[in-house]
Amino acid sequence: MTEVESKFCTDACLHRYLIATNWSKKKAGKMIKDTLKWRDLYKPQHVEWEEISKEAEAGKIYRANFRDRNGRTVLVMRPGVENTGNLEGQLRYLVFCMENAITNLPPDQEQMVWLVDFEGWNMSMIPLKTAREIANVLQNHYPERLAYAILYNPPKVVEVFWNVIRPFLDPSTQKKVKFVYANDEGGQKLMESLFDLDMLECAFGGRNRCKFNKDDYVVSMKKDNGKPV
């Protein structure tokens, strides 16, 4: 095992893969080997900002400047502002964001949170092939990295889309996806239990009126990427 592989295969990593395979050592071992091969070929840890900067311009995925109440990194996703039709570029950017979110997790956390805002979205924006490819990468190479995903105020068509992609997701991942509606009291109580509303963006029922700023985000990502600002 190389130094890079040894660094990746921590006790926490092995634990995540065991959970993902229902504690099957054989399946977890195979899954880790497949991930190591994928990481060697795809090199997700070496995706450069310049390579995916175009994908980032619209704010379709970004690391929020707040965390949930457990200190987890939050990725905000806005598929309604998709700005490219390049599947490979979209996937590279998602992987970049996943790696960045993991890097910014506190030492006591292994999982991140997704907040998904569907304003302006329709089913044509994410073809089935793209959804399947994304599901494959996330499930097979980032197992147990998602604490939960909030689908906030989704239109009815999202439920149709969810039923299409759900068969590609394992049961534990399915349970982590939560539909939350602005006019539902239970949903709002859930958001308040998960987030500090003073920090949470107003688009998700919070009181923070800050919006995605491309220039500020570029500065933040370049700092994380070790590049001069």
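## H4 against H5

The axes of helices H4 and H5 cross at roughly 105° and come within 9 Å. H4 and H5 are therefore roughly perpendicular to each other, since angles from 65 to 115 degrees count as such. The model is a predicted one.

From H4, the contact takes in Trp 49, Glu 51, Ile 52, Glu 55 and Ala 56. H5 supplies Gly 89, Gln 90, Arg 92, Tyr 93 and Phe 96. By class, the residues of this contact are five nonpolar, two polar and three charged.

## H3 against H5

H5 (residues 87–103) also packs with helix H3 (residues 25–42). Here the angle is about 115°, and the axes are 14 Å apart. H3 and H5 are therefore roughly perpendicular to each other. The crossing of H3 past H5 is left-handed.

Three residues of H3 make the contact: Trp 38, Arg 39 and Tyr 42. On H5 the partners are Glu 88, Leu 91, Arg 92, Val 95 and Glu 99. The contact of H3 with H5 has four nonpolar and four charged residues, and no polar ones. Arg 92 of H5 is listed in the contact with H3 and also in the contact with H4.

## Two loop residues

Which loop holds Lys 43? Lys 43 sits between H3 and helix H4 (49–56). Lys 43 is partly exposed, at a relative accessible area of 38%. The C-alpha atoms of Lys 43 and Val 95 are separated by 9.8 Å, although the two residues are 52 residues apart along the chain. Val 95 is one of the H5 residues in the contact with H3.

Thr 21 belongs to the loop between helix H2 (11–20) and H3. Is Thr 21 buried or exposed? Thr 21 is buried, with a relative accessible area of 14%, because the cut-off for buried is under 20%. Leaving aside residues up to four places away in sequence, Thr 21 touches Lys 27, Ala 28 and Met 31.

## The buried face of H7

Helix H7 spans residues 156–165. Its buried residues are Val 158, Phe 161, Trp 162 and Ile 165.

An α-helix has 3.6 residues a turn, so residues three or four places apart point the same way.

Methods: Residues are numbered from 1 along each chain as its sequence is written. This is a predicted model: local features need pLDDT of at least 70, side-chain atom pairs count only at pLDDT 80 or more; totals for chains, interfaces and linings use all residues. Side-chain values use heavy atoms; hydrogens and water are left out. Buried means under 20% relative accessible area, exposed over 50%, partly exposed in between (1.4 Å probe, protein chains only). Helices (H or I, at least four residues) and strands (E, at least two) are DSSP runs, numbered from the N terminus. Axes are lines fitted to C-alpha atoms, for helices over the stretch in contact, and angles run from 0 to 180 degrees between N-to-C directions. Angles under 35 degrees count as roughly parallel, over 145 as roughly antiparallel, 65 to 115 as roughly perpendicular and the rest as oblique. A crossing is left-handed if the near helix is turned anticlockwise from the far one by less than a right angle, and right-handed if clockwise. Contact means heavy atoms within 4.5 Å. Ala, Val, Leu, Ile, Met, Phe, Trp, Tyr, Cys and Pro count as nonpolar, Asp, Glu, Lys and Arg as charged, and the others, Gly among them, as polar.
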